[in-house]
Amino acid sequence: MGTYPTGTLSQTHVSYKDVFQCDPLAEESAIKAAATFTSFKRLLVTRCQHKFDSTEHKPKQADDADDPAAVRAARRTKTLMLGNMRFLGELFKVELIATVVEPCSMPDEEDLEALCKMLATVGKKFDHKGVKTAMTMILVRMVELSDMPSLPSRIRFLLKDVLEMRDHQWVPRRKELQQKTLQEVRKEAEKLQKLGKNAQHDDLQGKRHRTAHSSLDVAKQNSMLLLRQTTIPDQPPVTLAVDPTNRIKSILQEYLALHDIAETRQCVAELPRDSHLAFVEQALTLALEGKEKDRAAAVDMLVGLYETLTLGATEIQSGLLGTLEFLDDLRIDIPMVHEYCGLILGRMIGAGCFGLSWLQLGVRHLAESGLAGLLVAEVLGVMDDDMGADTVATMLAREELNIAGFLPPDQQSPDAVAAFLKAHDLTGYFYEDDDEEEDDEEVKDALHA
């Protein structure tokens, strides 16, 4: 294949004009012969074009969903279609064909899946200044469609994955899986283990660099191309609001998989400001209802986003107040909810998002059920682990926290408060153990006051 020129298909390989100088008819005949000159490149492209034109590229919906033969045929047609897209992309990469992607106004699901397969294959070569206009139109439509609720979530995530790859200079998040022998798999696993790397994600994360202008920035700069934009007479154009729920879910899922706080911080920063509260609420739901590993990761993420000023104290406090409001109801389905919520509150207090006085105001409606007392005990325990007992005692003294305010009305007497502190091992925060017996009455009075 390498012996043939890579010029146009009609390019001659022999100077027929020199051979047939005396006979014009012979020259014309030679030119026609040259136009049909057989080369490996011509045979390959002609064969591919014939096969592509004669193939049904969109899988037909089976009339009977229970018919195994129809389902297999639809699946085979879809696999063939995606394989053709990949093969066309590979032909484009070696310059055997000229154009592979053109803008389309209203593509269907199969078109979008084919587009994602094609761009994932040829994106790096296709995305250059010569096709800037076409690429801009494609990016704008993909950004718009990736947040369109009417599309299946699988298609939306495919679009988001391609946009994310484009934002990182067309470098994929993970290496493409290839068939390997068992011996090759073992050698690669041993190599990665020695380097301390994960076999699934490998080390592409450290090699990826973001482009100067993300796909979202390109879409915003060219917002007039959005098809969903509606114009009202004598009023500026109005763009329909996009529900950020799915985008927030994908950010959380990505953090749970990679634990990359820098990437998460950038993704959250790209969300509209009024979506930050929704992000906090979903993160809190994950922390309360998820597994222990996910819970710890979600709390670490919230603390990291607050400490880097990606999320503000107002959004976090509002999200926590909304959760605390229904904590009694959540306790029915999550018996240990006070422990899980105490972890969140303790970590956020330690990060400086709010103080103990704010906590007392936020949980006072839970005092009658006894949940507030359990909650404050967990919070103080988490703070002790993070900051130490002396620091916690200093904060309690400075903010003059009233422990009795966390307890039910019938348990706010000095004796009941002292019993509560002793039961939860909290007495050390309020007085020295050596003087416990001598100052017991004074402490009871002070705590009750």
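In helix α11 (residues 261-270), the residues E263, T264, C267 and V268 are buried, buried meaning under 20% relative accessible area, exposed over 50% and partly exposed in between (1.4 Å probe, protein chains only). Because these residues cover an arc of only 130 degrees around the axis, they lie on the same side of α11; the arc is that of the directions from the helix axis to the C-beta atoms. The buried residues of α11 pack against α7 (153-167), α10 (245-258), α12 (276-289) and α13 (292-307), where contact means heavy atoms within 4.5 Å.

This is a predicted model, in which local features need pLDDT of at least 70 and side-chain atom pairs count only at pLDDT 80 or more, while totals for chains, interfaces and linings use all residues. Residues are numbered from 1 along each chain as its sequence is written, and side-chain values use heavy atoms, with hydrogens and water left out.

The protein chain has 21 helices and zero strands; these are DSSP runs numbered from the N terminus, with helices (H or I) of at least four residues and strands (E) of at least two. Of its 449 residues, 37% count as buried. Among contacts in the protein chain with a separation of 6 or more, 70% come from residues 24 or more positions apart.

The largest nonpolar core holds 64 residues, of which F279, L345, M348, L356, L359 and L380 touch the most other members. Such a core is a set of buried Ala, Val, Leu, Ile, Met, Phe, Trp, Tyr and Cys residues joined through side-chain atoms within 4.5 Å. A second, separate core of 31 residues includes A114, F126, M148 and L163. Leaving out residues up to four places away in sequence, L356 touches I349, L380, M383, M395, L396, E399 and L401.

A search of the whole structure finds one aromatic pair. F354 and W358 form this pair, which is tilted; rings of Phe, Tyr and Trp (its six-membered ring) pair if their centres lie within 6.5 Å, and planes under 30 degrees apart count as stacked, over 60 as edge-to-face and the rest as tilted. The charged end of R295 sits over the ring of Y340, a term that requires NZ of Lys or CZ of Arg within 6 Å of the ring centre and within 35 degrees of the ring normal.

| Residues | Distance |
|---|---|
| F354 and W358 | 4.2 Å, centre to centre |
| R295 and Y340 | 3.6 Å, charged end to ring centre |
| L112 and L159 | 7.9 Å, C-alpha to C-alpha |

F354 is buried at 8% relative accessible area, and W358 counts as buried at 19%. L112, in helix α5 (residues 109-126), is buried at 2%.
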